[in-house]
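Me: Could you walk me through this structure with a few questions and answers? I would like to see how each answer is reached.

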Amino acid sequence: METDLLKTGRFKREEHIKRSADIQKLFKAGKRVSVEGAKLFYMLNDRNINRIGFPLPRGYGNAVARNKSKRYSRETYRLFKSHLNIGYDMLFLVYPGNDSFHSRCEQFKTLCKKAGLLKE
């Protein structure tokens, strides 16, 4: 397990979706899958990398809760990114509730399986 963690690398700047237009495009035109407490919006991009964003719904706790939730989401993606197919834009949206790192990993894994984003 420890060697898998070392191979994942860091979460690079070009892997972030930050432009509001890109986020709105994913919300409107992207495909979506959901599990209890989370949704994944995704669509093909014309790049050789995956890009991801971590929006939170309005009213998601205080600043500490929002930052903690985004840290969990970023770390989950960093651990799973070597197991994902390449060439997708994604938004990983989580809702307040059971906010633990373990549950976040399970949610992301299940969503990626449903979407067909995991490598065979």
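Me: Which residues does D22 touch, not counting residues up to four places away in sequence?

Reply: Happy to start there! This is a predicted model, where local features need pLDDT of at least 70, side-chain atom pairs count only at pLDDT 80 or more, and totals for chains, interfaces and linings use all residues. Numbering runs from 1 along each chain as its sequence is written, and side-chain values use heavy atoms, leaving out hydrogens and water. With contact meaning heavy atoms within 4.5 Å, D22 touches I17 and R51.

Me: Is D22 buried or exposed?

Reply: D22 sits in helix α2 (residues 20-29); helices are DSSP runs of H or I with at least four residues, strands are E runs of at least two, and both are numbered from the N terminus. Buried means under 20% relative accessible area, exposed over 50%, and partly exposed in between, with a 1.4 Å probe and protein chains only. Because its relative accessibility is 18%, D22 counts as buried.

Me: What distance separates the end C-alpha atoms of helix α3?

Reply: The expected span is 1.5 Å times one less than the number of residues. For the 18 residues of α3 (residues 63-80), that gives 26 Å. The model agrees, as the end C-alpha atoms are apart by 26 Å.

Me: Which residue caps the N-terminal end of α3?

Reply: Look for a side-chain oxygen lying 3.2 Å from the backbone nitrogen of V64. The residue that supplies this oxygen is N62.

Note on methods: A polar contact is a pair of N or O atoms within 3.5 Å; within protein, one must be able to donate a hydrogen and the other to accept it, and residues adjacent in sequence count only if both atoms are side-chain atoms.
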